[in-house]
Amino acid sequence: MAEPDGPSLDTLGRGQAATVQRLEVPPDQPDWAQQMQDLGFVRGERVQMLHRALPGGDPLVVRVGTSTYALRRAEAACVRLNHPQ
Amino acid sequence: MTEAVIHLHRGGPLLALLGNPNCGKTALFNQLTGSRQKVANYAGVTVERKEGRLITAAGRALRLLDLPGAYSLHPRSPDEQVTRDVLYGRALGEKRPDLVLCVVDASNLRRHLRLVLAARRLGLPCVVVLNMVDVAEARGLRIDEGALSAALGMPVIPTVAVKGLGIAELKALLDAPCTWETHGPMPQAEPADHDTIDRLLGQLGLADAAPPVASDRIDRVVLHPVIGPLLLAAILFLVFQAVFAGAEAPKGWIEAGTAWVGNQVSTWLPEGWVRSLLVDGIVAGLGGVLAFLPQIIILFFFILVMEESGYLPRAAFLLDRLMGSVGLSGRSFIPLLSSFACAIPGILAARTISNPRDRLVTIMIAPLMTCSARLPVYALLIGAFVPARHVGDVFELQGLVLFGLYIAGIVGAMAVAWLLKHLTTGGQVRTLMMELPTYHWPQARNIALGLWQRVKIFLRRVGGIILVLTVALWLLASFPSPPPGATAPAIEYSVAGMIGKALAVVFEPIGFNWQISIALIPGLAAREVVVSSLGTVYALSASGPKEAAQHLAPVIAQHWSLATAAALLAWFVFAPQCLATLATVRREVNRRWIPWAMAGYLFALAYAAAFITYRVALALGLG
């Protein structure tokens with residue numbers, strides 16, 4: 001990857017939006033890449049942080065395209081984002 | 001997990017409904033086949049394949065399979081595995097479908113079209129069913145089906161399945177021979193799908209789909225980190241208040257009706273065993289159970305509204321952290337909530353849990369959720385021992401106690417899960433990745449249909465298993481007849497009386513008398529029978545014929561100590577579940593020792609809880 005690493009999805013604040021750069025799953029969860037892709041976390045897709053639970057912001061609710069998902073923080077951390085414009 | 005293969009409709013070409021979870025496959029299935037499968041607004045309502053018969057416009061009979069929803073053909077849980085196996089022709093006892101109906105949510109084409117392309121690569125003829133076009137239009141999306149069809153190389157039919165729109169067109173299309181052939185170019189390999197869909201949506205002018213604004217506005221309150229959990233607690237609490245407050249009047253009518261029938265029969269029939277069977281056995285037994293129908297209806301009304309509106313997955317989100325602390329995920333919430341109706345659908349719904357350990361733990365604790373069959377037992381005891389008065393103007397004491405019993409079951413379940421977390425491999429990461437669907441207004445028709453189905457199930461149980469067991473118990477409790485010159489009530493000389501007294505040795509330490517001990521046995525088959533059995537036992541123990549126990553509550557209030565009643569309630573929080581549940585567990589986990597382990601641990605918990613409750617109550621002077 002030539003582009004510098006952007007932030008991951010779990011670091012977005014409430015209401016912040018960005019686009020997906022790539023998925024980077026932990027080595028012990030190889031299935032996550034396919035599963036997240038199936039849900040629509042694919043390159044260039046717009047994502048937005050909608051809600052975070054208390055305490056600790058885990059789990060959280062994100063928008064991908066027009067779908068809404070509840071994710072664990074560890075799951076959201078797999079989604080690398082392009083730097084917000 | 002083993003699947004029973006039953007072909008309801010033999011022969012004929014086979015169609016399969018494929019689509020993402022919650023895109024309306026089952027609603028479409030119901031419209032196409034005229035059946036009434038359950039539909040709701042959350043992912044994973046259908047966990048088994050279901051078969052129906054579809055008659056095309058020209059009168060041809062086809063077989064239609066409703067498959068569990070899947071995000072892709074890479075399965076992540078046992079229910080998605082079913083879908084994949086059927087489409088690849090690997091499912092046991094089922095041929096490969098001749099045609100796939102790809103159901104897509106018109107308001108979310110970007111994600112749903114990925115599955116269409118995957119289906120197309122299977123090499124099977126496909127028809128795209130563009131469902132929920134009304135929702136898409138409300139959000140300002142106008143989809144040119146002609147252009148979409150041309151771009152995909154597949155026929156496209158717009159529908160609104162819940163309202164039956166587009167069904168006739170779909171049925172007509174199934175008569176055209178070319179529908180059953182594959183045509184158009186095969187899509188490229190999967191990695192290219194994203195670009196293909198991007199291009200396609202660009203051509204159709206749908207590149208910028210509008211987000212669900214109304215749902216977001218509701219979620220701002222419902223998912224609020226502070227307001228959200230409070231709202232959830234308030235909703236659950238209100239449901240239990242309503243179960244008691246709302247059911248009082250109709251319950252009274254049913255009891256009055258039962259009493260009237262009992263009296264009529266008593267007047268018309270001469271004294272003898274026929275009258276005893278009818279009045280003491282059937283009327284007292286079944287009437288006692290039937291009186292709890294209004295409470296079951298109220299409980300299900302609220303559960304159905306939550307299912308229909310799309311609130312359930314939000315509740316799962318709110319509870320995820322709490323479930324995580326005992327080693328489960330929010331994904332276990334929906335199967336566990338279903339278990340409040342009955343543990344069996346709850347155990348089946350656990351198929352949507354991808355982590356095998358979590359699935360097993362969810363199945364093991366599902367019976368601790370208070371199923372509706374236990375509601376009559378709770379309601380009887382609460383009605384008999386807890387005064388109906390208000391606490392601080394707002395809360396109803398009986399409703400509070402009921403809420404407490406449900407909470408006791410939940411706390412018990414969490415404790416067991418917590419224990420299992422420490423006994424089984426820890427440190428596992430479990431996935432949540434749960435879709436939160438857009439909210440829908442609950443459809444009055446669906447709610448009414450769902451309630452009617454529950455009423456039918458309940459009445460079928462009353463007229464079937466409960467009736468049979470009640471009559472069987474009456475027989476055991478009436479014969480042999482007492483010897484001449486006997487002074488005690490006849491039942492004490494009967495088979496049931498003897499069994500009850502033998503069992504009372506086991507149950508005496510936890511405060512159960514022999515009448516309760518007898519009633520617990522048929523309760524293993526169906527828990528409501530405990531109520532009808534107590535009705536029968538006390539009716540037969542009654543001294544005068546007029547004292548037939550149409551009103552069981554005052555009788556037990558007079559005969560039992562508060563300590564005994566509390567111990568029995570504690571017993572039923574954990575009580576060994578019915579045999580049907582154990583059989584379901586055996587089928588789902590396919591390991592022989594699991595149901596035994598389950599029955600064993602629940603029995604031990606129930607005995608311990610009842611023992612402690614009884615002893616504490618005695619120490620407090622409530623004996």
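Why does B:Ala472 count as partly exposed? B:Ala472 has 16 C-beta neighbours inside 10 Å, so it gets that label; a residue is buried with 20 or more other C-beta atoms within 10 Å of its own, exposed with 12 or fewer, and partly exposed in between, with C-beta atoms placed from the backbone.

A note on the model before the close-ups. This is a predicted model, so to speak: local features need pLDDT of at least 70, side-chain atom pairs count only at pLDDT 80 or more, and totals for chains, interfaces and linings use all residues. Residues are numbered from 1 along each chain as its sequence is written, while chains are lettered from A and ligands numbered from 1 in the order in which they are written.

**View 1. B:Ala472 sits in helix 19 (residues 444-478) of chain B.** Helices (H or I, at least four residues) and strands (E, at least two) are DSSP runs, numbered from the N terminus. Look for B:Gly281 too: 191 residues separate it from B:Ala472 in sequence, yet the C-alpha to C-alpha distance is 9.0 Å.

**View 2. Chain A meets chain B through 27 residues on each chain.** Contact here is C-beta atoms, placed from the backbone, within 7 Å. On the chain A side, the elements giving two or more residues are helix 1 (31-39), strand 2 (46-52), strand 3 (60-64), strand 4 (67-71) and helix 2 (73-76). Sorted by class, that side has eleven nonpolar, nine polar and seven charged residues. Nonpolar covers Ala, Val, Leu, Ile, Met, Phe, Trp, Tyr, Cys and Pro, charged covers Asp, Glu, Lys and Arg, and the others, Gly among them, are polar.

**View 3. Six strands from the two chains make an open antiparallel sheet, in the order 5(A)-1(A)-2(A)-3(A)-4(A)-9(B).** Strands pair if DSSP finds at least two bridges between them. The edges are strand 5 (79-81) of chain A and strand 9 of chain B, each pairing on one side only. Two bridges link strand 4 of chain A to strand 9 (residues 434-435) of chain B, and A:Ala70 stands opposite B:Met434. Within chain A, five bridges hold strand 3 to strand 4, with A:Arg63 facing A:Thr68.

**View 4. The largest nonpolar core has 152 residues.** Such a core is a set of buried Ala, Val, Leu, Ile, Met, Phe, Trp, Tyr and Cys residues joined through C-beta atoms within 7 Å. A:Val62, B:Tyr378 and B:Leu569 have the most contacts inside this core, and helix 24 (residues 562-574) of chain B gives the largest share, eleven residues. Leaving out residues up to four places away in sequence, B:Leu569 touches B:Tyr378, B:Leu381 and B:Leu405. B:Leu405 is also one of the buried residues in helix 18 of chain B.

**View 5. A second open sheet, with mixed pairing, runs 2-3-1-4-5-6 in chain B.** Strand 2 (50-55) and strand 6 (156-158) each have a single partner strand, so one side of each is left without a neighbour in the sheet. Strand 5 (residues 126-131) runs parallel to strand 6, joined by three bridges, and B:Leu130 has B:Pro158 as its bridge partner. Helix 5 (residues 145-152) of chain B lies across strand 5 and strand 6, at about 150° to strand 6; angles run from 0 to 180 degrees between N-to-C directions, with axes fitted to C-alpha atoms, for helices over the stretch in contact.

Terms used:
Two residues are in contact if their C-beta atoms, placed from the backbone, lie within 7 Å.
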